[in-house]
Amino acid sequence: MNGENKHLTHDNPFLPEPARIVRTYYLTEDVKFFQVRIVDMEKALSFNYSPGQFGMISVLGAGDAPFSISSTPSRPGLLEFCIGKAGTVTNALFRMKENSLIGFRGPYGNGFPIEKMKDKDIIIIVGGLGAAPLRSVLLYCLDNRDQFRRVSLLHGAKKPAEMIFREEFFALKQREDLECHLSVDKDDTGKWTENIGVVTTLFSLLEKIDPVNTYALVCGPPVMYKFVIKELVNLNIPKDQILMTLERRMKCGIGKCGHCAIDYIYTCLDGPVFTYWDVIHMRELI
Amino acid sequence: MEKILTKKSFPLWVKELVSYKIYAPQKNGDLWNFETIKKPESINLDFPNTVLPPKNIIFPQREVLLEFESSNENKLQVKETLPDDDPTIIFGVRPCDAKALTLTDKVFSGDFKDPYYWKRRNSTVLIGLACNIPPSPNCFCLSVGGSPHSKEGLDILMTDLGDKYFVESLSEKGSTLINLAKPLFQQPKAADKKAVEKTQAEAEKKITRQIKDIKKIPSILKNMFDSPLWDEESLSCLRCGICTYLCPTCHCFDINDEVASSSPVKGKRVRTWDTCQFPDFTMHSSGHNPRPDRASRLRQRIFHKFQYFVERYQNYLCTGCGRCISKCPVGIDIIEVLDKVRDYGS
């Protein structure tokens with residue numbers, strides 16, 4: 001766990017801290033963007049986290065659930081989430097308007113090993129809602145661009161209407177310090193100008209890489225990992241430099257409730273970022 | 001501190017402890033369970049194993065974590081509902097159940113301390129009763145590093161010597177209770193100590209069930225993740241979860257909001273025991289379930305107790321109380337399952 005980032009409600013980790021939804025809008029038909037500010041100004045500004053960490057959002061009355069933080073700690077004060085409509089908590093969240101109050105506790109989990117990734121090449125591979133946690137590390141790398149070598153983004157969505165952060169990612173294509181490849185499995189609009197095919201078809205567009213000095217970051221639906229990992233292993237990227245951020249049902253987020261226990265680890269404490277090496281040795285991880 | 005307390009004096013000692021909230025095994029119908037005591041003379045320490053271990057006194061089956069109220073967009077009140085820390089005594093704790101609390105202690109500690117658990121835990125004194133006769137035919141504490149007179153996790157251990165108890169204080173909390181009624185306690189004679197040793201040696205001989213070669217189990221399990229054994233052994237499982245609810249070491253829980261009114265929104269956040277034996281325990285909201293069948297859930301229970309917990313905390317997550325064996329409605333027997341695991345490894 002990331003000990004440097006002090007937890008918001010330290011004496012009682014179960015207590016949610018009041019936070020306000022300052023902005024919310026639909027990213028796709030069933031995915032919504034939430035920008036949130038912790039009400040206590042001092043806490044809002046001092047709150048720190050690492051890309052890849054997550055928090056528990058409470059809609060009091062509906063419950064609380066874990067969500068990746070999609071914003072970057074390099075832009076403090078506001079927290080951003082990208083949330084798909086799925087269960088009780090997300091359904092209640094979708095009904096909430098701007099200016100409503102929610103509860104937040106966190107940050108939890110290990111996050112990406114930023115220190116190790118510095119002065120290395122970074123390839124970020126996104127499938128669908130996998131953008132939620134990976135946007136944080138992508139923006140972090142771009143905000144601290146001089147600390148990393150090549151940065152590449154391979155992004156796959158099912159169809160144009162299901163691509164989240166569409167304008168933001170298209171705008172990134174203009175940057176010369178980022179290699180950005182976008183794809184959709186199927187173009188049902190006839191207007192898609194980028195690659196068509198599953199996310200793995202983007203690997204052929206990637207410029208030649210220096211595998212030993214590369215970190216690959218992957219997040220997407222469970223079915224995606226097998227195919228993406230195969231490509232990364234073929235590129236000779238070491239297994240402990242292939243990083244995945246995984247999801248698991250969670251109730252407490254602090255290593256007690258047992259829901260996210262896999263092998264001898266807890267996803268909420270020892271994850272959600274795992275290496276491919278971990279995945280080989282801990283079955284049930286994906 | 002070692003003392004002798006006659007059985008006649010026992011209720012007099014309890015009388016001196018009235019400032020504490022006192023729990024002891026009570027018979028209700030045919031079933032024994034830990035309940036609060038009003039009359040000191042009603043404590044009967046001649047009991048078989050209680051249906052539930054005393055874990056629910058420290059970690060209740062249902063407890064309110066917080067209360068919330070939101071009358072409008074600008075108001076959200078969250079009130080923590082920590083338990084009160086009334087000094088509490090539990091009489092008649094079996095050594096296996098006391099040891100189990102030392103294991104759940106590990107889980108509820110760490111970087112995030114659980115304030116609800118620790119508030120009760122720290123205000124409770126555990127007075128154990130050595131098992132001269134195994135309280136259940138399925139007792140196997142000796143196999144998992146315990147014994148019928150183990151002192152682990154206890155503040156006081158009492159051993160029944162016929163018309164008197166041999167009382168051993170094991171902590172400051174324990175000594176305080178003895179000192180509250182000093183005149184009732186006598187100095188033990190050499191013969192008393194001998195009697196205790198004899199009783200204890202005999203008690204160990206009376207335990208018939210055991211997990212053979214348990215030290216080999218964790219490493220054998222490591223290679224058994226994909227074994228067909230889990231399918232075979234779990235076929236009869238009804239997913240009732242009783243093996244985990246009655247287990248003194250199982251500690252998984254769920255958290256849910258209970259709403260009393262929707263406008264203004266008012267309610268409680270409640271935690272309740274949960275179990276890895278229920279199908280939706282690991283079900284994602286997307287419908288994906290990484291542990292989708294009975295086989296993977298039985299495997300999780302066995303692995304957690306005899307492999308994962310050993311790797312994380314260097315202990316088995318089992319103290320050999322035998323409740324999961326005695327109470328399983330379809331006769332799934334953890335000792336028999338582990339016998340098959342051992343056979344698989346040889």
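**View 1. An open sheet in chain B.** Seven strands of chain B make up an open sheet with mixed pairing, and their order is β1-β9-β8-β7-β6-β2-β3. The model shown here and in the other views is predicted. At the edges of the sheet are β1 (2–6) and β3 (31–36) of chain B, each of which pairs on one side only. Direction ignored, neighbouring strands of this sheet are turned by 25° against each other on average.

**View 2. Strands β2 and β6 of chain B within the sheet.** Strand β2 (residues 21–28) of chain B and strand β6 (residues 88–93) of chain B run parallel and are joined by three bridges. B:Y23 has B:I90 of β6(B) as its bridge partner.

**View 3. Helix α4 of chain B and its packing.** Helix α4 of chain B spans residues 115–122, and its buried residues are B:Y116, B:Y117 and B:R120. These buried residues fall within an arc of 100° when seen down the axis of α4(B), so they line one face of the helix. The elements against which the buried residues of α4(B) pack are α2 (55–58), β4 (62–70) and β7 (124–129) of chain B. Of these, β7 of chain B also belongs to the seven-stranded sheet of View 1.

**View 4. The side of chain B that touches chain A.** Contacts between the chains involve 40 residues of chain B and 35 residues of chain A. On the chain B side, two or more residues each come from β4, β5 (77–80), β10 (253–262), β11 (265–273) and α10 (294–313) of chain B. The most is given by β10(B), with six residues. By class, this side of chain B, which touches chain A, has 20 nonpolar, 11 polar and nine charged residues. Strand β4 of chain B, one of the contributing elements here, is also among the elements that the buried residues of α4(B) pack against.

**View 5. The two domains of chain A.** The domain assignment divides chain A into domain 1 (17–108) and domain 2 (114–281). Their C-alpha centres lie 21 Å apart. Across the boundary, 21 residues of domain 1 of chain A are in contact with 23 residues of domain 2 of chain A. On the side of domain 1 of chain A that touches domain 2 of chain A, the elements giving two or more residues are β1 (17–28), β3 (54–59), β4 (63–68), β5 (79–84) and β6 (101–108) of chain A. The residues on this side of domain 1 of chain A comprise 10 nonpolar, 10 polar and one charged.

Notes:
Residues numbered from 1 in each chain as written. Chains lettered and ligands numbered in written order. Predicted model: local features only at pLDDT ≥ 70, side-chain atom pairs only at ≥ 80, totals over all residues. Buried ≥ 20, exposed ≤ 12 C-beta atoms within 10 Å, placed from the backbone. Helix = DSSP H or I, 4+ residues; strand = E, 2+ residues; numbered from the N terminus. Arc of directions from axis to C-beta. Contact = placed C-beta atoms within 7 Å. Nonpolar A, V, L, I, M, F, W, Y, C, P; charged D, E, K, R; others polar. Domains from an automatic or database assignment. Pairing = 2+ DSSP bridges. Axes fitted to C-alpha atoms, helices over the stretch in contact; angles between N-to-C directions.
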